[in-house]
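Here are a few exercises on how side chains pack against one another. Have the model open beside you and try each task before reading its solution.

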Amino acid sequence: MLERNPDAADLTAPVKRSPSIAFGLERIGLIAVRAPILSCIILLAMVIGAVFGIHRIKIDDSLSQLFRSDTKEYHQYEEVTKRFPSTEFDVLVVVEGKTLLERNNLEKLRDMVTDLQLIDGVRGLISLFSARQAPEPGKLPAALFPSDLPKGADYDKFIETVKSNEIIRGKLLSDDGTLALVVLSLEPSIVGDSRLNTAITQIRKVMNDDLAGSGLTKELSGVPVMQLEIRNAVERDGIIYNVAGILAGCLIAIVFFRRVSFMVVAAFPPLLAILLALGVLGWANFSLNMFLNVMTPLIMVISFSDSMQLTFAARDRLIAGEDKYTAFRNAVLVVGPACVLTHATAGISFIALQFSNSDLIRSFGEAGLLATVIALLAVLSLVPVFGVLLVRHEERFAQKFKTSDAGVQALRRFCAWIAERMVGHPGFFSLLALVVVGGLAVVYANLEPRYRLADQVPDKQQAVAASGRLDAKLTGANPIDVLIEFPKGETLYSPQTLAVIAAVHKLVEEQAGVGNVWSLETLRRWLAEKAHTDDVATLKEYVSVIPKHLVRRFISKDQTAVVVSGRVPDKDSSQILPVVDKLDHAMGAVRKAHPGYEIAVTGLSAIAARNSASMIEKLNHGLTIEFALVAIFIGLAFRSVVVMFACILPGIFPVVLSGTVLWALGEGLQFASVVALTVSFGLGLSATIHFLNRLRSESKPGVGAGEAVERATVLMGPALILTTVVLACGLVVTVFSDLPSLRLFGWLSAFAMVAALVADFLILRPTAMWLITFAERLRGGKQAKAAK
């Protein structure tokens, strides 16, 4: 067996090099080191350009970004948001308390509503104070709330009238009178820029000032508020991830290398890769969103692993007595091919995301692929450049660390201890791995797709809490719309059009799970009940005096289409989808009775319910295909069927184990989790490829399979352990995000990286040993048969 504390010179002894698994691409890293000073000058210019590129990066805070695609459903949704720009610009003010309808509090609430209308950027609002009394013949109806509220018993009677008013009951005021909803419509021009923050800040100030001392709770929700909270979270998270990634990389490097120069050599190329990649993304007009925001830790993950491997290899060669130029050159030639291959497998993972229907996920895949290429070039070029510039006094360094390298030697002894046990019974451990992975795969296959809008929005802010109160008191905050487009020859007020609107409104009202339904039919019913008229002329008159921003909520500007709008609670898409399907099926009768009218169920809730499950399933199927493609790719690169089969089980293990954890936690398979698993699969293979590359070098004539596995483990193990710790720390910082999807992405990716390391030691070693032994026996049998 191999010594547990091998001599550095023995570890780095020259070996006969087989044809490069990277087809010579690793030699790109030798170009810059020929002129290190000039390379640093060019790097400085590129960094300056990258800084300007980063300033070009914008934030995409649209809640529909996940479902942005070239599909009929999404185009219908876009059509509705363009022709009826209401919910996209609505701020929902939620005021709640048991004393809400007390006279003093009602006065304060009315003052707040009045002051809210004066805020710059607010084009109108709807509240319970918008309600009207029954109209008198020939007159417009007076306001339901008089300027001076009644007192005593008259006030109590008045409140009962308010609570029973059908315009506001269950829509703007909860049935128990403890929650009021005020809907502010913002100017579309301010929602997409910095003025939104100013407007929301002013709204909060008015709420706090006017309701001071009332004992009422006040919260904001709605799409603009959610967008602002997403925007702030993305900006905040970006700072945290950058700082945490830098600190984690530098700290681990300095602790184990104990030299500032080696810390710079190992940690700075990944940091510069982050800077350069983000700069290129900025110049390429990519926008930060819930997925691209994790690009910083992902670049760190992609590049730091290979940077550490190169630095470790060069360090060992320096300790063995090589000069710095030779040490870093040989490190690139020996470890570089595996670096190229690990980046290539990561690139395949990002390419796999191109099969998604979501523009957001495809964009994430494109950005990830671009960042992977940049990270590879940065690491291969900068590690040797920084090495030859910063490492000094090689002889003194080699003499010192030959006798005082306790940390790395301790890790090597640990790796040797594991390797001895794994190769002692390779058949048993390989069979055990197959059974374990098979069992976990069965659990993984039973994961169900999950999607909730609340998971895309910061859950430590007001918007989610306010939406939860609306779900509980007013049937929900998420809009669901039915678009009705008229055929040629029919007008808004034609009898058939009004009949279609009435029929659709009735069906939406009767659909379980949908509430707070509004449309032109709401006004028509109110006139029929209070004014005892269904005259079209009266209806036209009332529509003409209603503020335009209210009319545009339900009637298009050209009066060729209307929407019937309802609200649904923020539940999992699997619970909303039956509601959408039943509603769409019910519309079939109206379509049949009124041919020519285009009737479609749409809205963010509808497209999320319809598309989320299928999109997640397609991504998951793409991951399954990726397993096979990556295994074949690695097999071709190593020109070995044994390697192809050896990397399958350790590659799959982190994915199915992470999926099993999700199943145990009841999380299901969400967008963030399936993307995390897709990317982690490609990144997790880094350890596998580096080990197999070293094993290939150690497999020489006269060296047994067991000894080669142990030598490769001792050589590569410490770097693999250290990089996994750094990478897991870099990813797990996302648990501090306010965005639930990013927290899930972060901890799941970190867990998968650790699981990949476990698979590398406990599955890959015995599997590779068993397959090599099996292949040798098979080859020996064929040779014996041929000799006979």
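**Exercise 1. Find which residues are linked into a cluster by ring pairs.**

Solution. In this predicted model, the cluster consists of Phe129, Phe145, Tyr155 and Phe158. Now zoom in on one pair from this group. Tyrosine 155 and phenylalanine 158 sit three residues apart, about one turn of the helix, and both belong to α6 (residues 152-164).

**Exercise 2. Classify the pair formed by tyrosine 155 and phenylalanine 158, and decide whether each residue is buried or exposed.**

Solution. A pair of aromatic rings is described by the distance of the centres and the angle of the planes.
- Step 1: the ring centres are 6.4 Å apart, and the cut-off for a pair is within 6.5 Å.
- Step 2: the planes meet at 45 degrees, so this pair is tilted.
- Step 3: tyrosine 155 has 7% relative accessibility and therefore counts as buried.
- Step 4: phenylalanine 158 has a relative accessible area of 11%, so this residue is buried.

**Exercise 3. Describe the surroundings of leucine 144.**

Solution. Locate the residue, then list its partners.
- Step 1: leucine 144 is in the loop between β3 (122-126) and α6.
- Step 2: its relative accessibility is 9%, so leucine 144 counts as buried.
- Step 3: setting aside residues up to four places away in sequence, leucine 144 touches Ala131, Arg132, Gln133, Phe158, Thr161, Val162 and Asn165.
- Step 4: for leucine 144 and valine 162, 18 residues apart along the chain, the C-alpha atoms are separated by 7.8 Å.

**Exercise 4. Which residues have the most contacts inside the largest nonpolar core?**

Solution. Met112, Leu116, Ile484 and Val504 do, in a core of 252 residues. Helix α28 (residues 740-787) gives this core its largest share, 16 residues. Another core, of five residues, lies apart from it and includes Phe84 and Leu483.

Note on methods
Residues numbered from 1 in each chain as written. Predicted model: local features only at pLDDT ≥ 70, side-chain atom pairs only at ≥ 80, totals over all residues. Heavy atoms only, no water. Core = buried A, V, L, I, M, F, W, Y, C linked by side-chain atoms within 4.5 Å. Buried < 20%, exposed > 50% of the residue type's maximum accessible area, 1.4 Å probe, protein only. Helix = DSSP H or I, 4+ residues; strand = E, 2+ residues; numbered from the N terminus. Phe/Tyr/Trp six-rings, centres within 6.5 Å; stacked < 30°, edge-to-face > 60°. Contact = heavy atoms within 4.5 Å.
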